[in-house]
Amino acid sequence: MDKYKQPFRKSKRSFRRRLPPIGSGDQIDYRNMSLISRFLSEQGKILSRRTNRLTLKQQRLITIAIKQARILSSLPFRNNEKQLERVESIPRTTGPRTKNE
């Protein structure tokens, strides 16, 4: 019974703080393609804040910069390379189908 009456104790693991992926000198801007492209998935989607390890303010600025770059056609809305390959391989038929008996 004494075991259950002990106060809750946190584990004594040491947490190492990770360095943020954006340095203090990096400017978050829609023209900085090398910075912006690090926060996009292969499909062209914006990665989550947890995945990016960004602060809330940094994630908002990155999102705004990505959207501005998309609108100005500096960045595509999505990556269609895989879809284009699939569409080209599908045979297309022209005209109505007729039964040949």
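Mentor: In helix α4, the buried residues are Q58, Q59, I62, T63, A65, I66, A69 and R70. Buried means under 20% relative accessible area, exposed over 50%, partly exposed in between (1.4 Å probe, protein chains only). Helices (H or I, at least four residues) are DSSP runs, numbered from the N terminus.

Trainee: Within what arc do the buried residues of α4 fall, seen down its axis?

Mentor: The arc is that of the directions from the helix axis to the C-beta atoms. The buried residues of α4 line one face of the helix, because their arc, seen down the axis, is within 165 degrees.

Trainee: How should I read the model itself?

Mentor: This is a predicted model: local features need pLDDT of at least 70, side-chain atom pairs count only at pLDDT 80 or more, and totals for chains, interfaces and linings use all residues. Residues are numbered from 1 along each chain as its sequence is written, and side-chain values use heavy atoms, leaving out hydrogens and water.

Trainee: Which helices do the buried residues of α4 pack against?

Mentor: Contact means heavy atoms within 4.5 Å. The face turned away from the buried side carries exposed K57, R60 and I71. The buried residues pack against α2 (33-36) and α3 (49-52).

Trainee: What span does α4 reach from its first C-alpha to its last?

Mentor: α4 covers residues 56-71, 16 residues in number. The expected span is 1.5 Å times one less than the number of residues.

Trainee: Which residues make the nonpolar surface patch?

Mentor: Patch residues have over 30% relative accessible area and no salt bridge; nonpolar side chains (Val, Leu, Ile, Met, Phe, Trp, Tyr) are joined within 5 Å. Areas come from the Shrake-Rupley method with a 1.4 Å probe, and for residues only the protein chains shown count as cover. I71 is exposed, at 66%. The patch is about 370 Å², made by I71, L72 and F77.

Trainee: Which side chains meet in a salt bridge?

Mentor: A salt bridge is a side-chain nitrogen of Lys or Arg within 4 Å of a carboxyl oxygen of Asp or Glu. The count comes to one. D29 is buried at 16%, whereas R31 is exposed at 61%. The pair, at 2.8 Å from N to O, is D29 and R31.

Note on methods: Patches are made of residues with over 30% relative accessible area and no salt bridge: like charges are joined within 9 Å, nonpolar side chains (Val, Leu, Ile, Met, Phe, Trp, Tyr) within 5 Å. Helices (H or I, at least four residues) and strands (E, at least two) are DSSP runs, numbered from the N terminus.
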